[in-house]
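Take a look at the model below. This report covers its parts, its overall form and its contacts.

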Amino acid sequence: MSTVDATIGWDRLIEHDRVHGSLYTDPAVYEAELERIWYRTWVFVGHVSEVPEPNDYVVKSIGPQPVIMSRDKQGEIHLLLNRCTHRANLVCDAARGNSSAFRCPYHGWTFSNTGRLLGYPFNSGYDGREAKRELGLGRVPRVEIYRGFVFGSFADDGPTLLEHLGDAREALDRLVALSPSGELDLSAGWLQHKVKANWKMLVENETDGYHPQFVHSSIFSVAKSGIGDLYGEESTALSRDLGNGHTENDLRPEFRRIDQPLGWFGTTPDRVPGYVAQLEAANGAEKARELMIDGSPHVMLFPNLFIAEIQLFVIQPLAVDETVQHVTAVQYKGSPDMNRRMLQQTIGSVGPAGFLLADDSEMYERNQRGVHARSPEWVVLKRGTHRERLDENGHVVGDATDEVPQRAIWKHYRSLMEAGS
Amino acid sequence: MSALPLNLDRLLEVQQFVYREARLQDEHDYDGWEALWADDATYWVPANGDAIDPTREMSIIFDNRSRIATRVKQLKTGKRHAQAPPSRTRRVVSNVELLADDGEELLVGANFAVYESRERGLTVWAGRSTYRLRPTGDGLLMAYKKVELVDNDRAIYTLAFLI
Amino acid sequence: MDVGEVVSEFAAVALSIDHDGNGPRLRIEDLKTGHVGYLDALELETLAWLPEGALHPLLDPSLHRWRKPAAGGGTH
């Protein structure tokens, strides 16, 4: 039980339409979050296309935990802790590689890429009774893959990945449906963008439809972008609570109203004829047109995977006031003309120098400084409470600029924090 | 790479150009900086190493000339929050070396250290720039600038001032 | 990158460096059957240090190729 449980209580800090500022600044809250969210629930780790070949591996993370994602010779994916079971040295140093075994640089202990301890130097120094079987690399006990997205959970039991994703799994279906081959290729590498802000500032901002016209007005005004209008007072787009802390800005109502294939991506079919032909061949012309109208999802999967149409962000907390956003471009396996455009648009928009994300990041850091001020103590999330409604699937929705997603995130957050106390 | 025969006038011209660019960047003279670029220019800040393929992999910046113009226009709106107010920066550019001269363009290398002060605190940026400079009737123009940050394979803070 | 062929009266293999994965691997193609295997750097270094006779168990023709499938399908 943390000091928060004992002295304050989560119900006092998290109300339906406001939350207490200390949730972003209190190190005890952060420590409790690691145990109850990051080391318990399903967290996105990587994509199968990052380890395409047998014996490929990449160094990943679950919050501050260093994780190796490996593919063994049989093709199975493993999530191993990057910590030698002897004296705790980091086993893998390179960001990626191909090896059937990992050898610790400190004393040469050698592990298979499935985590099994294969042996160590000068074995006469051990009496032969030590159990090699018990000295394999630590592992993330539960690994599940949906549509190529690899998630890990440090909890031995609990909801399955599909139970955790619930209706939000459709976001991954919609994302993959736009790839004519039915597969994504996330091998363009990740930018790592560091901010001095609490991780929840980022999660809340991803599906905040209220900020774009303010935070991003500089780029909208010089780059003829239609994004701003999607998040205006007149927009028919919806903000949605998908359950389990997953949230969405559903822009499809606007795209359907505008009825322009690939309008969601700011382009037209004649600019990417190869992609359009592939999508039509795979789906038929009618379905392909629907896909090109509806576009790619804008969904935040709690707690760390943000699908932002043509980009994927992974949120990694490192301290109560320090967070890294990893971001890469969505690439459809086998669609070079579309991929080239998605990559170049992504490079322009995101990361430390991005036209959009540099300004979001400035807001995160300003928020973090502001929330230390003593009064009024609370962060207000009331926007649109009077016009919330249920959609045909029973999900709470609001207007494009409403704070339905933020309330949904905190509702789920509170349930996780209370469950762990 | 072996040394070129020493052409002092050329070297001084190159040095003055590199120093002028640094001053225009530090003083947020966005128009002055943009005027240094050739019409077909490329401005590249790679990520995850210096030898990646920017047409297939993520970069921190990979601007063609039109995107350089957009970058400058965004800064000039005054609402580019990551640079409103602008960072106070001062940079030291050193080890300026003329690496090659093919008669059309000069290949120039230089190291830099930038001190950036914002509300967050003081951030140090260091790395190496490689330029392709094109002599014209109006002096040198940048046809290409590649900025290799020493920490481009790690998590870095927002980089919205001109690097 | 092609390294070359190693041929004897008993076997013939073509060697190349494969870069399809996250790191380079030696690709070994059995020229008689077309079967392909890979060895990574740590495995190759290990081979360089193999003591005399260490490969003999692996050279047993019935270890993994010319044998009846074991119950349960495993070979070890």
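## Two domains

This is a predicted model. Chain A splits into domain 1 (45–153) and domain 2 (167–419). Their centres, taken over C-alpha atoms, lie 33 Å apart.

The two domains of chain A touch. Domain 1 gives 10 residues to the contact, and domain 2 gives 12 residues. What classes of residue make up the side of domain 1 that touches domain 2? There are 3 nonpolar, 5 polar and 2 charged residues.

## Overall form of chain A

Chain A has 421 residues. Its C-alpha atoms fill a box of roughly 75 × 60 × 40 Å along the principal axes. A compact globule with 421 residues would have a radius of gyration near 22 Å, and chain A has 23 Å, so the two agree.

## Inside the chain

How many helices and strands does chain A have? The secondary structure comes to 15 helices and 21 strands.

Buried residues account for 52% of chain A. Now consider contacts between residues at least 6 apart in sequence. In chain A, 62% of these join residues at least 24 apart.

## Where chain A meets chain C

Chain A also touches chain C. The contact draws 14 residues from chain A and 9 residues from chain C. On the chain A side, strand E3 (56–62), strand E6 (96–98) and strand E7 (101–103) each supply at least two residues.

How values were computed
Residues numbered from 1 in each chain as written. Chains lettered and ligands numbered in written order. Predicted model: local features only at pLDDT ≥ 70, side-chain atom pairs only at ≥ 80, totals over all residues. Contact = placed C-beta atoms within 7 Å. Helix = DSSP H or I, 4+ residues; strand = E, 2+ residues; numbered from the N terminus. Rg over C-alpha atoms; globule rule 2.2 N^0.38 Å. Buried ≥ 20, exposed ≤ 12 C-beta atoms within 10 Å, placed from the backbone. Domains from an automatic or database assignment. Nonpolar A, V, L, I, M, F, W, Y, C, P; charged D, E, K, R; others polar.
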